[in-house]
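Thanks for coming. I'll take a few minutes on one structure, so please have a look at it first.

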Amino acid sequence: MEREITTSVGIIVERRESASPWIDHVWTAPAVVPDAPPTDGWQLLQQGDGFVRYHYAPVPVTLHRKLGEAYDANVETEAPSLWILLDDADTDPVPYKVRGVTADPYEAMGVLDSGEGLVERVPMPAELVRWMAGYLKQMPEPEKFRKRKRTAATVDEPQFGKEPIFDQRNRPEGQGQ
């Protein structure tokens, strides 16, 4: 079994006018595109009434054999997902730089907890679900949990006449304060 496998996707980001009086627009990342043609940075994809969409490709999606449990948790849900991870940047036309795309929900949660950038959960395309499921089938079953056996602890029994080290009552006056 390979240690890790990688495929590439393109990501779509969208700038949409906001109905809020406090902000002009909202950025979202609504989709990934499998086998997308490469772009030179953010490329205008579509423009309409109140929205603009940009495309960026290629972005690698890598599965690692040590993260099988996370991928299983993702695939076993009713809606397998990918997470688009974007970092804040001072760039035009999109104010984000691509951090990556992951199938690991725990990695996405960690980035989301940082509170920086944009993390969007998007549906995983069917061909990527098949790709990931094929990789997971190659993984060996995890070792069954075995509870360790306890060993008997040795405890020193208190002995008559032996003074405790930190007993304040038996110290001479003026010492150990």
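Predicted model: local features only at pLDDT ≥ 70, side-chain atom pairs only at ≥ 80, totals over all residues.

Start with helix H3, residues 126–138. H3 has 13 residues and spans 19 Å between its first and last C-alpha, close to the 18 Å expected at 1.5 Å a residue.

Which residues of H3 are buried? They are Leu128, Met132, Tyr135 and Leu136. Looking down the axis of H3, these buried residues fall within an arc of 100°, so they line one face of the helix. As background, an α-helix has 3.6 residues a turn, so residues three or four places apart point the same way. Arg130 and Lys137, on the other side of H3, are exposed.

Now the cores. The largest nonpolar core has 29 residues. Ile11, Val13, Leu82, Ile84, Leu86 and Val101 have the most contacts inside it. At least two residues of this core come from each of E1, strand E2 (25–34), E4, E5, strand E6 (96–102), strand E7 (118–123) and H3. E4 gives the most, with five residues.

Take Val13 as an example. Setting aside neighbours within four places in sequence, Val13 is in contact with residues including Trp27, Trp42, Val52, Tyr54, Leu86 and Val94. Arg53 and Pro30 are also among the contacts of Val13.

Finally, there is a second, separate core of five residues, which includes Trp83, Leu85, Val111 and Val119.

That's what I have.

Definitions and conventions: Residues numbered from 1 in each chain as written. Heavy atoms only, no water. Helix = DSSP H or I, 4+ residues; strand = E, 2+ residues; numbered from the N terminus. Expected span 1.5 Å × (residues − 1). Buried < 20%, exposed > 50% of the residue type's maximum accessible area, 1.4 Å probe, protein only. Arc of directions from axis to C-beta. Core = buried A, V, L, I, M, F, W, Y, C linked by side-chain atoms within 4.5 Å. Contact = heavy atoms within 4.5 Å.
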